[in-house]
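Here are my notes on the model you sent, as numbered points. Please read them with the structure open.

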Amino acid sequence: MSVKFQFKKSTIAAISAVLLAVCGFTIYLLHEISELPSWNLVSMNTVGQIETDGTLRVVDQRTIDASANIGNLNWEISETCNRAKIAIDGVRVIYAGAAEGTSVFQAAQVDFSEEVKKRLDDGQSPSDEEDYFWCYDKESSWFYLSMPKNNSSREMTVEVSYKIDNAFYVYDDVAELYWNYLPHMKLSDVQRFASRDSSAQVTATVLIPVTDKNTPKDLNNVWAWGHGHEGTVEFLPVGGYLFSSTVNTHNIDSQAHVIFPSSWLENLDKTAPINVGGARLGNSLSEEAKWMDSSTIAQGNDWLLTCVWCLVAAVILVIATCVYYAFCRKYKVLLSNSEDFDEHALLNSQITFDAHAIKFKKVLIITSLFCLIACIFAIVIFHSLIVSICFAVLAALLVIFMNWTPTIHSCFLDRI
């Protein structure tokens, strides 16, 4: 086999692998972008009333700017603790038109199933009827709303009324509520990068149960903190807190943290699973004093980690490519310029070259195996398809380099 033919064949193989990877990655990008929501959150106003039996009753109103024939909306209604249970009472869709007046549509409930989920994911209605339907997946805490295909593209308000039983933990001194009233959107790395950030005004009100026997006093017997987006936490004299923020990205949780005396829960069942006992106030105040927004940091770290691993793959590829073409140039010199060496020196140089080439082949095949392992880990552990594709392509290119790295007297397959 001539050196020129070998260069040409190995180059064609490498280019083909890269083109194939680019085509596959482009198809993946287009698919991920097509799965982005076709609606924007304009504003959100949610009110949560804490009841004396440990229940949180919520009325969630979201103003949506949707494209025509949007079909389905969906988002997470998250549980407040691992003992909470969510039950949706009703869903309404409200259109406030200037000339037409206000139109209100009551959505009907549909039992969630895998078949229903598949229809919703495909943009279809869970029923053959053209109407408003909703369902809730308790396993994933995911809410779905299906609307007729011919619904107007006007701005709409979706109102979801639900209750959360066992909504918070109750200690001997205080009751403590952590409530993700606006969980971040579940987006892949590609969707997060391609999504168009939109500004939304978000307010959440948490009302604490108040009777004639208790008087709430901010930072005295009631406390509250907001986590996530920059905003304000305002004490309400009626007994509660108002959380306000302007959301510029949907990749961060908006969370309310509220503490009040557990003695105010007059109707709490002492045997309830949320009644855990012990003292909590001191630890809560201490934790908030050193709080850092973990969801923001975690997501930033995920993106940084993705960039770092992709950079590692790129560095490995550059090094392997440079060494591979260095061996090809050396191979050409040892075969085409034999008159520059005496016979004994040429043989020694060729044997030394073969030893180094075979060692390089071993390094390539071991590295490619590690790349395949990294590819699997990226999917299974880190759920990062970008990193997985990078290492899969790198593994394929390393195998190509290993196969086409030339030797003169030795055969790599014979040696292994």
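1. Helix 2 (residues 114-121) lies across strand 3, strand 7 (133-137) and strand 8. Against strand 8, the helix runs at about 65°. Please keep in mind that this is a predicted model.

2. The strands under helix 2 belong to an open sheet of four strands in the order 3-8-7-6, with mixed pairing. Strand 3 (72-76) and strand 6 (108-109) are the edge strands, and each pairs on one side only. Strand 3 and strand 8 (residues 142-146) run antiparallel and are joined by five bridges. Within this part of the sheet, Leu73 stands opposite Leu145 of strand 8.

3. Which residue pairs its ring with Tyr132? The partner is Phe105; the ring centres are 4.9 Å apart and the planes are at 25°. Planes under 30 degrees apart count as stacked, so this pair is stacked. Phe105 sits in strand 5 (residues 101-106), while Tyr132 is in the loop between helix 2 and strand 7. The two are 27 residues apart, and the pair links distant parts of the chain.

4. Are the two residues of this pair buried or exposed? Tyr132 has 6% relative accessibility and counts as buried, because the cut-off for buried is under 20%. Phe105 has a relative accessible area of 33% and is partly exposed.

5. The structure holds 15 aromatic pairs. Elsewhere, ring pairs link Phe327, Tyr331, Phe353 and Phe360 into a cluster.

6. Another open sheet has four strands in the order 10-11-16-13, and its pairing is antiparallel. Strand 10 (169-170) and strand 13 (223-227) stand at the edges; each has a single partner strand, so one side of each has no neighbour in the sheet. Strand 13 is joined to strand 16 (residues 254-261) by five bridges, and these two run antiparallel. His227 stands opposite Gln255 in strand 16.

7. Of the 416 residues, 43% count as buried. The accessible surface comes to about 21900 Å², and carbon and sulfur atoms account for 58% of that. Among contacts between residues at least 6 apart in sequence, 75% join residues at least 24 apart.

Note on methods: Residues numbered from 1 in each chain as written. Predicted model: local features only at pLDDT ≥ 70, side-chain atom pairs only at ≥ 80, totals over all residues. Heavy atoms only, no water. Buried < 20%, exposed > 50% of the residue type's maximum accessible area, 1.4 Å probe, protein only. Contact = heavy atoms within 4.5 Å. Areas by Shrake-Rupley, 256 points an atom, 1.4 Å probe, with all protein chains shown as cover. Pairing = 2+ DSSP bridges. Axes fitted to C-alpha atoms, helices over the stretch in contact; angles between N-to-C directions. Phe/Tyr/Trp six-rings, centres within 6.5 Å; stacked < 30°, edge-to-face > 60°.
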